[in-house]
Amino acid sequence: MKYQEQLVELLRQDLEFMEVFNIINAMHLPQAYVSAGAVRDFVWNKKHQLPSSLVFGNIDVFYYDASESNEDYLTRQTQINQRYSKYLWNLVNIALPKRHANKLVVGKDIFDTVQHFPETCSSVAVSCDRMNNISVVAPYGLEDLFELRVKATDGFAKGQAQHEAFQRRINRKKWARRWPNLVFID
């Protein structure tokens, strides 16, 4: 619980993250969560005492809207990128059928979706409602994120078919160079 409280406090103090939450609320994205790299990089930058900005990476926003058509989704994606072009938005409506080009496993809800991310430190999602109540979804907990450990989730673990993809991802992202205190667990 201590890490959850730390994360919530860090988010509350960050003007950019609060701005992103306000944008998501203004776009009326139901059950919307910012997840993966935006949260992971934010915490790692804080732990390494590096400047942090959401402008430098994608902001993955997962939401659930069963009434949204694919056309409505594409319109919403375009609108958020045009209105709030300061950030690079990647919207994913969990309720929509999976698109062929997207290799991401999308579950029945945010917990199920985040649980299928490649590494435990990235398997985190945060939301903030209009009353500024921040919620955290972390199927594997927040220990690996805050203790700077990079460990594969079950579907990407050693011996699994996706393990090689996990290894390529780690190498491609060059995390060790950017955050030298990370510990990689195979």
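Phe-17, Phe-21 and Phe-42 form one aromatic cluster in this predicted model. Rings of Phe, Tyr and Trp (its six-membered ring) pair if their centres lie within 6.5 Å; planes under 30 degrees apart count as stacked, over 60 as edge-to-face and the rest as tilted. By this rule there are 7 aromatic pairs, and two of them are tabulated here.

| Pair | Centre to centre | Angle between planes | Class |
|---|---|---|---|
| Tyr-3 and Phe-146 | 5.0 Å | 15 degrees | stacked |
| Trp-44 and Trp-179 | 4.9 Å | 65 degrees | edge-to-face |

Tyr-3 belongs to helix H1 (residues 2–13) and Phe-146 to helix H6 (residues 143–146), so their pair ties together parts that are 143 residues apart in sequence. Helices (H or I, at least four residues) and strands (E, at least two) are DSSP runs, numbered from the N terminus. Both Tyr-3 and Phe-146 are buried, where buried means under 20% relative accessible area, exposed over 50%, and partly exposed in between (1.4 Å probe, protein chains only).

Arg-40 lies over the face of Trp-44, 5.5 Å from the ring centre. A charge sits over a ring if NZ of Lys or CZ of Arg is within 6 Å of the ring centre and within 35 degrees of the ring normal.

Residues are numbered from 1 along each chain as its sequence is written, and side-chain values use heavy atoms, leaving out hydrogens and water. Local features need pLDDT of at least 70, side-chain atom pairs count only at pLDDT 80 or more, and totals for chains, interfaces and linings use all residues.
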